[in-house]
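Have the model open as you read.

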Amino acid sequence: MADTSIIVGIDLGTTYSEIYTYQNNQLEVIVGRNQLRMTPSRVIVSKTSTQDKITYLTGARGNMQSKNLPGNEIYEPKRIIGRKMSDQYIIRDLYYYPFKIVEGPDDTPLYSVTGSGGDVTLSAVDVDAQILRTLASYRANVKQAVITVPAYFRKEQIAATIEAG
């Protein structure tokens, strides 16, 4: 029996993400739900979520719900991942985000959204992991993935992206 698993490449972008495969001597974009080539790098956390069970609305489905749940829409996790809450980059941008970012253990920034039992917190690693799960769901038999990271990422940011993967 032949191994039908595939290896994919993922561009985990700040605004949009894409998943690719190399077949027939060419790079092919794996088209996602609703026939979209790019998936928004954002998630919506459902208001029915609890700290123990978080329900995500991602991709185009999440985009449709973003107007209904503006405080539960998390985007640009790539800007937060691997950083500390005391990082001047995060402190400066807190004012611009519609979602709350609170300090977690070890100075880790955590997103705080509204759930059914109160506030639900999650890390940028959790958010990136959900985006990666969404992308991987577009193609069956994904065995391995290569995920891009910017050249300017520090080792902590690279390690956090690997953890999300």
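Two strands count as paired if DSSP finds at least two bridges between them. In this predicted model, strand β8 (residues 100-103) and β9 meet that definition, pairing in the antiparallel sense over four bridges. β9 also pairs with strand β10 (residues 118-122), again in the antiparallel sense, over five bridges.

The two pairings can be set side by side:

| Pair | Sense | Bridges | Residues between the strands |
|---|---|---|---|
| β8 and β9 | antiparallel | four bridges | five residues |
| β9 and β10 | antiparallel | five bridges | two residues |

For landmarks along the strands, look for I101, whose bridge partner in β9 is Y111, and for S112, which stands opposite T121 in β10.

How much of β9 is buried? Six of the seven residues in this strand (residues 109-115) are buried, which leaves β9 mostly covered.

Now to the core. The largest nonpolar core has 33 residues, and I74, Y111 and L122 have the most contacts inside it. Elements giving two or more residues to this core include β9, β10, β7 (73-75) and α3 (124-136). The largest share, seven residues, comes from α3. In soluble globular proteins, nonpolar side chains tend to be buried together.

Key:
Residues numbered from 1 in each chain as written. Predicted model: local features only at pLDDT ≥ 70, side-chain atom pairs only at ≥ 80, totals over all residues. Heavy atoms only, no water. Buried < 20%, exposed > 50% of the residue type's maximum accessible area, 1.4 Å probe, protein only. Core = buried A, V, L, I, M, F, W, Y, C linked by side-chain atoms within 4.5 Å.
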